[in-house]
Amino acid sequence: MSPTGDTSTDLTLLGVILAALGLTARVVALGVIPGGRRPSTGMAWLLLVLLSPLIGLVAFWFFGSNHVGKSRRRRLSEVNERIRAATAAVPEASTDLRPSVLGVTRLNRTLTSLPVTPGNAVTVLEDYRGSITEMAAAVRAAREYVHVEFYITAWDEVTEPLLDALAEAAERGVEVRLLFDHLGSRGIPGYQDLLTRLDATGIRYHPMLPIEPLRGRFRRPDLRNHRKLLVVDGSVGFTGSQNLTEPGYNKPKNHKVGRAWVELMVRLEGPVVAELDAVFASDWLLESGEPLEVRVRTAPGSADVDAAGVLAQVVPSGPGYDTENNLRMFTSLIYAAERRISLTSPYFVPDESLLYAVTTAAQRGVEVELFVSEESDQFMVGHAQSSYYRALLEAGITVRLYPAPYVLHSKHFTIDDDVAVIGSSNMDLRSFALNYEVSLLMLGEDVVRRMRTVEDHYRSLSRTLTLDEWSRRPARLKYLDNVMRLTAALQ
C-alpha cells in the first residue's frame, strides 16, 4: 500500500476514534450532568456538551461544580454545629406575626439555626460616604474587637477613614480581623498597595476563597464570598450592599463617564448583631483555621435599644449550604405578599421558582415593582437580565430604570407594610448557587416605612419601562439577550 493510502487509513481511523469519543462523552454527560442541578442548568450544560464535547467538558470541569472541598465543608459543618448548640435554647421571638411570615422565620431557623430576635435598632444608611463615616466612628469606639468582611476591599481616599480607624484600633490593643474576597479585591486597582499597607498595621487579615494553584488552593474560579458586614464588640453591626471602595471602584473608565455605584447599608444594635458575628466566625474559621467564640444573645445588646424594636434575623447562604437559603426565603416572602412588593436588585436573573413567584404575585393582584439600572455595568448579566423584561411586563410588573450612568447596586425588597430584606444577595442564579451571601430579614411597620423612603427616592429618579418601548428593540439585541440568558444558567 502506498504511503498516501496509509495516511488516509490513519486519518479515517482517527476520525472514527474521535467520533466514538464524542459519542461516549455525550452519552456520559446525559447521565451525569443533570444530577443535583436545576433542570434549566442541566439543560444548558448538556446543550454545550452536545454541541461541542471537548469545549463543553473542559468548561464543565472548571465551572460545573460549586463544591468548595472537603476540608472547607468540614469546617463549615463544625461552626454550624456550634451555632446550632448556641441557639438551641433560644425561644421563638414572636408568634403574633401573620402565619405566612412566621412560617418564613421558622424556615430560616431550620436552614441556618439562627432565630428571629426582638429589640433591635436599625438605622438606614443611604449615603455612600456617610456609611463609611458611620463605620469608622463605630470602630473608633471599639474596646474589644472588630470583625470586618467585605467582598471588595480597597484602601483609597474614600475608605481611608475606616481603614485608618481599623489600624488605630489594632494599635491600641483591639483585636481587628479582616476578610476580603481574593479575586474580587484583586480585580480592583491598588490591590498590592492594599496588602502592603495592611502588612504595616496590626490588622489580622485573610483573603477569602484564594486561588493559588502552586499552594494547592484551587477550586471553581468564579466562586465568591460576596458578603458585606462589620461588627464592633458584638454590639454594633453593619450590613448591606456596599463594598469597601470608592463609588467608581477606582477605575478610570468609570470616572470618565461619571459612573458611580448607589448603595444601601444598615447600622444595627441589638441581639441580631451577634448573628452577624456568627457568620463572620464561620468565614474566619474557613480561611484561618482559627475558631472564634459563637455567642447568640437573647436580650438587646445595649441599654439604649428598645426591647420592642425591630424583629430581625440573619440568613447566610452559599456553596456550603445545599438548601439555597436566600432563594427559599425570597420566594416564600413573595408568595406571602398580599398588597405590595417592591424589589431592588442590580442583577435580576431569576430561576424558574423566583420568576413564577413574582409574576404570580402580579397576576393575583399584588402591586409589584422592580428597580434596576438603566445601563448594566456587566455585559453578559445585563443582557441576561433584559431577556426577562417582556415576561415581567406582560405579567403586570412595573419595571423602573434607575438613570445612567449610575449603577443601582443596592439589594433589598419590601413586602406589604411589615417585611423588609436587605443584604449582599442579588436576585440572580449566581447569588443563589455560587456566592456566599448574607441577608437580613427585618419585621415591623416602622422599619418598612424607612425602607419605603429609600424606594420613594429611587422612584423619583427612575423612569418606567413600557412594553411598547421594549417591543421595539432591535432584533440583534433580543438575540444577545437570549444567548446571555442561556449562559447565565451554566452553573
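Figure 1. Gly31 is found in helix α1, residues 3-32. Helices here are DSSP runs of H or I with at least four residues, strands are runs of E with at least two, and both are numbered from the N terminus. The model is predicted, with local features needing pLDDT of at least 70, side-chain atom pairs counting only at pLDDT 80 or more, and totals for chains, interfaces and linings using all residues. Residues are numbered from 1 along each chain as its sequence is written, and side-chain values use heavy atoms, leaving out hydrogens and water. Gly31 is exposed, at 64% relative accessible area. Exposed means over 50%, buried means under 20%, and partly exposed is in between, using a 1.4 Å probe and protein chains only. From Gly31 to Tyr191 the separation is 160 residues in sequence and 43 Å in space, C-alpha to C-alpha.

Figure 2. Trp284 is found in helix α11. Its relative accessible area is 0%, so Trp284 is buried. Contact means heavy atoms within 4.5 Å. His147 is 137 residues from Trp284 in sequence, yet their C-alpha atoms are 9.4 Å apart.

**Figure 3. Helix α4 against helix α11.** Helix α4 covers residues 70-87 and helix α11 covers residues 272-288. They pack at an angle of about 150 degrees, with axes 9 Å apart. That makes α4 roughly antiparallel to α11. Axes are lines fitted to C-alpha atoms, for helices over the stretch in contact, and angles run from 0 to 180 degrees between N-to-C directions. Angles under 35 degrees count as roughly parallel, over 145 as roughly antiparallel, 65 to 115 as roughly perpendicular, and the rest as oblique. The crossing of α4 past α11 is right-handed. In a right-handed crossing the near helix is turned clockwise from the far one by less than a right angle; anticlockwise is left-handed. From α4, the contact uses Arg72, Arg75, Leu76, Glu78, Val79 and Ile83. From α11, Ala278, Ala281, Ser282, Leu285, Leu286 and Glu287 take part. By type, the contact residues are seven nonpolar, one polar and four charged. Ala, Val, Leu, Ile, Met, Phe, Trp, Tyr, Cys and Pro count as nonpolar, Asp, Glu, Lys and Arg as charged, and the others, Gly among them, as polar.

**Figure 4. Helix α14 against helix α19.** Helix α14 (residues 379-386) crosses helix α19 (residues 475-488) at roughly 105 degrees. Their axes come within 7 Å. That makes α14 roughly perpendicular to α19. Phe379, Met380, His383, Ala384 and Ser386 make the contact from α14. The α19 side supplies Leu477, Leu480, Asp481, Met484, Arg485, Thr487 and Ala488. The residues of this contact comprise seven nonpolar, three polar and two charged.

**Figure 5. Salt bridges.** Side chains of opposite charge can pair when their charged atoms come close. Here, a salt bridge is a side-chain nitrogen of Lys or Arg within 4 Å of a carboxyl oxygen of Asp or Glu. By this rule there are 29 salt bridges. One joins Glu175 to Arg204, with the closest N and O atoms 3.1 Å apart. Glu175 lies in strand β3 (residues 175-181) and Arg204 in strand β4 (residues 204-208), so the pair ties together parts 29 residues apart in sequence. Glu175 is partly exposed at 28% relative accessible area. Arg204 is also partly exposed, at 34%. Arg267 and Glu269 meet in another salt bridge, 3.0 Å from N to O. Glu269 is buried at 19%.

Figure 6. Arg390 forms a salt bridge with Glu394, the closest N and O atoms being 3.2 Å apart. The two are four residues apart in helix α15 (residues 389-395), so about one helical turn separates them. Arg390 is partly exposed at 33% relative accessibility. Glu394 is exposed at 52%. Elsewhere, shared partners link salt bridges into one network of Arg98, Glu338, Arg339, Asp416, Asp417, Asp418, Arg452 and Glu455.

Figure 7. Ala404 and Pro405 are joined by a cis peptide bond, with omega about 10 degrees. Pro405 lies in the loop between β14 (398-402) and β15 (407-408). Ser113 is not a glycine, but its phi is positive, near 75 degrees. Ser113 sits in the loop between α5 (99-112) and β1 (117-125). Ser113 is buried, with a relative accessible area of 6%. Asn250 also has a positive phi, of about 60 degrees. Its loop runs between β7 (236-240) and α10 (252-257).
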